[in-house]
Amino acid sequence: MPPKSLIDLSHPLTPQTTIYPGDPPFAMRSVCNIPNDGYTVHAVSLGTHTGTHVDAPFHFFAHGQKLHELPLERFVGRAVVVDVRHLACARARIRWRDVRECLDRTRGTIASLGPRSEGKIDMVLFWTGWDGWWSAQKYFDHPYFGRDVAEELVEMGVQLVGVDTLSPDETVLVQDGGKQREDAFAMHEVLLGRGCLICENLTNLGELVGRNSEEGEEVWVSLAPLSLHGADGAPVRAFGWTEKPR
């Protein structure tokens, strides 16, 4: 049976789409139109990390898996949505002890995380609420996660981490005088280095949390990317739904 309703977890791609500093902007222009050609075609230009997208290990590691080398099953499955909104201040670092407290509030959540082969949940999505600043300058000031968060999650067997921010690491605007820390990409390095995928710029995660807590249903998501051969990442049309445990 198909889900009774789907929740869109992707931001639309428009000229106002927030882009990571230095990445190519999104653009779409008309190539053919109905009055002149009898049909409509557009040319689209974008980077592999535009809008809601996934990162493959190749994004940070020269010998890491490329997008086409990852089985489709890696992008679809049960997920745990972790509500960290109370910790989400501008440029705040969220540590493992904070995440652990959030997980402990939901009985059985910690125990449910682990390898999919053992019947456990291997996708974790962090709900910061920062998607509300999408397209605004403040979106760059998002909270981020400490290295210890990545290390603990991969030790548990988590295989995909998603965030409703531009990055799970701090975004530093060098053009505004900011300086990168030595461990500026700790989450990327630890997660991708251990084969754990990353999904960035998610939205509407709160709708999944509400259904999960009120009805006791499991959260399922599809984060399947464009099939770009040899790519380090790609945009996704992410969506989620809830259903009763099987």
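1. His-53 stands opposite Pro-235 in β12. Strand β4 (residues 53-55) and β12 run antiparallel and are joined by three bridges. Helices and strands here are DSSP runs numbered from the N terminus, with at least four residues (H or I) for a helix and at least two (E) for a strand. Two strands count as paired if DSSP finds at least two bridges between them.

2. A word on the basis of these remarks. The model is predicted, so please keep in mind that local features need pLDDT of at least 70 and side-chain atom pairs count only at pLDDT 80 or more, while totals for chains, interfaces and linings use all residues. Residues are numbered from 1 along each chain as its sequence is written, and side-chain values use heavy atoms, with hydrogens and water left out.

3. Now the sheet as a whole. Nine strands form an open sheet with mixed pairing, in the order β1-β13-β11-β5-β7-β9-β10-β4-β12. The edges are taken by β1 and β12; each has a single partner strand, so one side of each is left without a neighbour in the sheet. As a reminder, strands of a sheet pair through backbone hydrogen bonds, either parallel or antiparallel.

4. Helix α5 is worth a look next. It lies across β4, β9 and β10 (197-200), at about 135° to β10. Contact means heavy atoms within 4.5 Å; axes are lines fitted to C-alpha atoms, for helices over the stretch in contact, and angles run from 0 to 180 degrees between N-to-C directions.

5. The structure holds ten salt bridges, each defined as a side-chain nitrogen of Lys or Arg within 4 Å of a carboxyl oxygen of Asp or Glu. One of them joins the side chains of Asp-8 and Arg-237, at 2.9 Å from N to O. This pair links distant parts of the chain, 229 residues apart: Asp-8 is in strand β1 (residues 7-8), and Arg-237 is in the loop between β12 (233-235) and β13 (239-243). Asp-8 is partly exposed at 30% relative accessible area, whereas Arg-237 is exposed at 59%. The classes are buried under 20%, exposed over 50% and partly exposed in between (1.4 Å probe, protein chains only).

6. Glu-170 and Arg-91 form another salt bridge, with the closest N and O atoms 3.4 Å apart. Glu-170 sits in the loop between β9 (160-163) and α5 (186-193), and Arg-91 in the loop between β5 (76-83) and β6 (93-94), so the pair ties together parts 79 residues apart in sequence. Glu-170 is buried, with a relative accessible area of 13%, while Arg-91 is partly exposed at 27%.

7. The side chains of Asp-148 and Arg-95 also meet in a salt bridge, at 3.4 Å from N to O. Asp-148 belongs to helix α4 (residues 147-156) and Arg-95 to the loop between β6 and α2 (96-104), so parts 53 residues apart in sequence are tied together. Arg-95 is partly exposed, with a relative accessible area of 27%. Elsewhere, salt bridges with shared partners join Arg-91, Asp-141 and Glu-170 into one network.

8. Finally, the surface. Leu-13, Met-28, Val-44 and Leu-46 make a nonpolar patch of about 330 Å². Val-44 is in strand β3 (residues 41-45) and is partly exposed at 48% relative accessibility. Patches are made of residues with over 30% relative accessible area and no salt bridge, like charges being joined within 9 Å and nonpolar side chains (Val, Leu, Ile, Met, Phe, Trp, Tyr) within 5 Å. Accessible areas come from the Shrake-Rupley method with a 1.4 Å probe, and for residues only the protein chains shown count as cover.
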